[in-house]
Amino acid sequence: MRPLTEETRVMFEKIAKYIRENLQLLVDRPDGTYCFRLHNDRVYYVSEMILKLAANISGEKLVSLGTCFGKFTKTHKFRLHVTALDYLAPYAKYKVQIKPGAEQSFLYRKHVLKSGLGRITENTSQYQGVVVYSMADIFFGFRGSSKVYSRLQKSGPHGYFGVSSSRHWGICAARRDTDLGWSSQDLFAV
Amino acid sequence: MESQSVEELLAKAEREEAEKLQRITVHKDLELEFDLGNLLASDRNPPTVLRQAGPSPEAELRALARDNTQLLINQLWQLPTERVEEAVVARLPEPLTRLPREKPLPRPRPLTRWQQFARLKGIRPKKKTNLVWDEVSGQWRRRWGYKRARDDTKEWLIEVPGGADPMEDQFAKRIQAKKERVAKNELNRLRNLARAHKMQMPSSAGLHPTGHQSKEELGRAMQVAKVSTASVGRFQERLPKEKAPRGTGKKRKFQPLFGDFAAERKSQLELLRVMNSKKPQLDVTRATNKQMREEDQEEAAKRRKMGQKGRRKGGRQGPSGKRNGGPPGQGEKRKGGLGGRKPSRPPAFGGKKKGAPHQGGKRKK
């Protein structure tokens, strides 16, 4: 387990796609010191208290700590995981709400057609990172949009909307049913 | 009245006595076995009470513990006591139970080089006296060590030997020789130790060839020799079946796990600030789209005006000719295609052209 080096830049760029300036609020929190730590190529967002507890567990036995934000691939690219959603959703700049009918298809990694789109933030540009919500405002994923918001007006009901970049549909499906009070601060040890 | 109260008092005292006795006497079917040296009491009574208790026999366990402890303490009070600094202390007897070893048995150490040699030759250690008569000082002195009997470094007069250089310092020579002997002895001791623990001797292991070195020492010497070239071993070839040495390379250092959180936070915020400042405030795509849209609107308005005039004047082609320059050009992909023809437009086009203004099709968030 170690702090991030120049990898922070790569990670921040990825996260900033979804939450832009609000990333500052993640780094600098009024209610406690939270930090990012790297363990086994995965980045965890963890409070200082839990970090100190986790330091007592040997590296090979430690499975996870805090919230996993994502991982660095072998070629050092950062891939954001759906477990980061708890922290992305409140600060998301661009939101998309999809209709109940389209929820299932979204969760099974299909693209979202325009007909399945409920609401969308104004001024969403093309390939913008958006956070996807259901009509009941439960967030369950994040994607990149493939069309510009203004263009959507012109396309008919079967216009193409969302492009999948997320492989975490299994966890997304679980989120739908559970309460938002799911704690991601559990510390695992083997 | 008084007699009654006295009787009451006596009865009360008796009751209290009985209670105390009850508290300190414990009835057990089988007597406990005591090992007072270890403060151990073994209870061999069958645990029927515990078995009869429910899933959590807390109270029964506690009662059992209390009873057994009471018996043990009773035994302790029977031991001979003494007073140590205002405390009454019981002297415990020798422990009866033998406790198992804490650590495993030490394995036999390998013999040192001298011991091996002595065994071979059959040399037995001779019993020597501790003190030797020293003629020079006229007293009994140690055989070796501090103020020993024959210490040649402490002589005050040394004759220069026959063939030696007269300018040579004989005293210094003797001191030097002593130092070398000490160093050699120390080296041999460490080597024996290393051999016993099969450990590598630090730094200079194997670098002083003595002809009888262990495999590890030789390996290490070989590694050191390999790296001792002008290019620090980069062009040294390996033998056909020799494996590459592991663990060579610079070890990368990272920040400590919890160092200064405030400094970390500050550097991250700084990074964010730099990142945000680098992003252009103006979204070039949208700006160009907007500009193009405005221009098209202007042209459309002009065309409409011209068209009205043209209808009156009988269909002139001028303005529509001008208009023809527009749409085909606009239909092209804009990536630098119109750079030559319309220099007023900025060269970086990215998005699609928006011909019509926004309709209120979707609810905006």
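**Figure 1. A cluster of aromatic rings in chain A.** In this predicted model, ring pairs join F12(A), Y34(A), F36(A), Y45(A), F69(A) and Y87(A) into a cluster. One member, Y34(A), also has a charged neighbour: R29(A) lies over the face of the Y34(A) ring, 3.9 Å from the ring centre. Over all chains, the structure holds 10 aromatic pairs.

Figure 2. W114(B) is exposed, with a relative accessible area of 52%. F117(B), at 39%, is partly exposed.

**Figure 3. An edge-to-face pair of tryptophans in chain B.** W133(B) and W140(B) form an aromatic pair with 5.6 Å from centre to centre. The angle between their planes is 65°, and the pair is edge-to-face. W140(B) has a relative accessibility of 56% and counts as exposed, because exposed residues are those over 50%. W133(B) has a relative accessible area of 40% and is partly exposed.

**Figure 4. A lysine of chain A over a ring of chain B.** The residues in this view are K52(A) and F258(B). The charged end of K52(A) sits over the F258(B) ring, at 5.7 Å from the ring centre.

Figure 5. A disulfide is a covalent bond that joins the sulfur atoms of two cysteines. The view shows C35(A) and C68(A). C35(A) is buried, with a relative accessible area of 2%. C68(A) has a relative accessibility of 11% and also counts as buried, because the limit for buried residues is under 20%.

**Figure 6. The second largest cavity, lined by residues of chains A and B.** Rolling a probe the size of a water molecule over the atoms shows where space is left empty. The structure holds 4 cavities of 30 Å³ or more, and the second largest cavity has a volume of about 60 Å³. From chain A, its lining takes V27(A), T33(A), Y34(A) and C35(A). From chain B come F261(B), E264(B), R265(B) and Q268(B). Two elements give two or more residues to this lining: β2 (34-39) of chain A and α7 (261-278) of chain B. Which element gives the most to the lining of the second largest cavity? The answer is α7(B), with 4 residues. By type, the lining residues divide into 4 nonpolar, 2 polar and 2 charged. Y34(A), one of the lining residues, is also part of the ring cluster in chain A. C35(A), another lining residue, is the buried cysteine with a relative accessible area of 2%.

**Figure 7. Two loop residues with positive phi.** Most residues other than glycine have a negative phi. H76(A) is not a glycine, yet its phi is positive, near 65°. H76(A) is found in the loop between β5 (67-72) and β6 (78-80) of chain A, and with a relative accessible area of 59% it is exposed. In chain B, E86(B) also has a positive phi, of about 70°, although it is not a glycine. E86(B) lies in the loop between β3 (81-84) and β4 (87-90) of chain B. Is E86(B) buried or exposed? Its relative accessible area is 76%, so E86(B) is exposed.

Figure 8. P93(B) lies in the loop between β4 and α4 of chain B and is partly exposed, with a relative accessible area of 37%. In sequence, P93(B) and N38(B) are 55 residues apart; in space, their C-alpha atoms are 8.8 Å apart. In chain A, K17(A) is found in helix α1 (residues 7-19), and its relative accessible area of 45% makes K17(A) partly exposed. K17(A) and Y94(A) are 77 residues apart in sequence, with 9.8 Å between their C-alpha atoms.

Notes. Residues are numbered from 1 along each chain as its sequence is written. Chains are lettered from A and ligands numbered from 1 in the order in which they are written. This is a predicted model: local features need pLDDT of at least 70, side-chain atom pairs count only at pLDDT 80 or more; totals for chains, interfaces and linings use all residues. Side-chain values use heavy atoms; hydrogens and water are left out. Rings of Phe, Tyr and Trp (its six-membered ring) pair if their centres lie within 6.5 Å; planes under 30 degrees apart count as stacked, over 60 as edge-to-face and the rest as tilted. Buried means under 20% relative accessible area, exposed over 50%, partly exposed in between (1.4 Å probe, protein chains only). A charge sits over a ring if NZ of Lys or CZ of Arg is within 6 Å of the ring centre and within 35 degrees of the ring normal. On a 1 Å grid over the protein atoms alone, a cavity is a set of points where a 1.4 Å probe fits but cannot get out, and a pocket is an open set with protein on both sides within 12 Å along at least five of seven lines; lining residues have an atom within 4 Å of a point. Grid points are joined across faces, edges and corners, and a volume is the space filled by probe spheres set on the points. Ala, Val, Leu, Ile, Met, Phe, Trp, Tyr, Cys and Pro count as nonpolar, Asp, Glu, Lys and Arg as charged, and the others, Gly among them, as polar.
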